[in-house]
Amino acid sequence: MSLRLAILCPGQGAQHAGMFDLLRNDPLASTFLIQSGLSSHLQAPVETVLSDPAQLFANRNAQPLIVAAQLAAWQALREPLADLAGAPLVVAGYSVGELAAYAVAGVIDPVEGVALAARRATAMTEAASVQPAQGLMSIGGLPLSVAQQCLVNHAAYVAIVTGEDTLIAGGAGTALQAAADELAAAGARTSALPVGLASHTPLMQAATGIFAAELAALQLGSPGPALLAGVTGQAIADAAQAQALLVRQLVEPIQWAGCMDAMAERGVTVALELGPGAALSRMLRERHPQIACRSLADFRTISGALAWLGRQTD
């Protein structure tokens with residue numbers, strides 16, 4: 001069986017104090033973390049942020065932390081994977097993970113990707129300050145149309161579509177709570193997420209101009225492997241489209257269910273999530289059980305992940 005590989009880059013929510021432990025034990029990953037100047041993109045030194053949950057989940061720290069972790073992992077995996085199976089067939093990122101996916105696919109420089117994550121986070125935090133106390137909430141157990149109508153009724157928004165009866169909603173905290181109460185009465189499951197702004201909704205509109213200018217200042221490349229756009233679930237054709245779609249995802253819903261279906265349509269047989277966390281590999285495994293899915297977070301070492309990938313080619 002050939003290794004038709006998808007690389008998955010997750011978003012915020014699963015960061016933790018030990019998220020760099022595995023990476024620091026790999027020379028290529030640890031070198032990248034130094035080269036990225038990560039502490040300079042945070043509100044405090046890396047170790048201080050990792051040891052303080054409030055700082056760890058603060059948006060301005062979370063976005064560069066997550067992108068740096070994923071791209072450090074990619075530096076360690078890239079050459080061994082090329083020897084094992086060539087380039088990935090598909091690369092896809094979820095929320096801020098789309099920045100990491102762009103770097104994996106060769107659209108942006110990896111070190112610049114970490115800096116761009118920090119600038120994106122700043123623009124989004126400033127946009128959120130206009131209407132404070134906003135966030136994200138997971139919803140499950142009701143048809144999408146029912147959940148979507150409830151959100152409209154309470155001036156909240158769909159942020160990410162993850163399944164036939166699951167989604168992430170965004171909006172002001174009061175709107176989300178009112179929607180949660182109504183949805184719970186109808187039998188839905190809801191849970192607030194540790195993200196302090198309404199990503200992928202119109203509440204981020206003020207961030208789009210700033211972020212578009214940041215992207216315009218970069219030299220973007222065209223993707224090597226198929227790079228799926230979060231807002232469409234379709235492959236990005238070139239650098240110009242890459243730039244436009246990355247801005248759109250600040251204010252438009254992420255079609256993650258569509259991205260997962262696109263992986264299956266393209267014949268993906270194996271998927272590796274770069275972490276931290278394992279939510280994307282779990283969702284893909286549940287939706288398309290024929291695809292072998294693991295996260296780097298499942299392994300103690302980079303070599304352990306590579307050994308698993310090697311077994312998928314047998």
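Let's start at one pair: Glu-273 stands opposite Ser-295 in strand S10. Glu-273's strand is next. S9, residues 270–273, pairs with S10 in the parallel sense over 4 bridges. Strands pair here if DSSP finds at least two bridges between them. Helices (H or I, at least four residues) and strands (E, at least two) are DSSP runs, numbered from the N terminus.

A word on the source. This is a predicted model: local features need pLDDT of at least 70, side-chain atom pairs count only at pLDDT 80 or more, and totals for chains, interfaces and linings use all residues. Residues are numbered from 1 along each chain as its sequence is written, and side-chain values use heavy atoms, with hydrogens and water left out.

Now the whole sheet. It is open, with 5 strands in the order S7-S2-S1-S9-S10 and parallel pairing. S7 (226–228) and S10 (292–295) stand at the edges with a single partner strand each, so one side of each has no neighbour in the sheet.

On to helix H5, residues 59–85. H5 bends by about 40 degrees at Leu-77. That bend is the angle between axes fitted to the seven residues ending there and the seven starting there. A proline, Pro-80, follows within four residues. Just after H5, Gly-86 takes a positive phi of about 80 degrees.

Last stop: Val-49, in helix H3, residues 46–50. Buried or exposed? Val-49 is buried, at a relative accessible area of 0%. From Val-49 to Ala-62 is 13 residues in sequence and 9.3 Å in space, C-alpha to C-alpha.

Note on methods:
Buried < 20%, exposed > 50% of the residue type's maximum accessible area, 1.4 Å probe, protein only.
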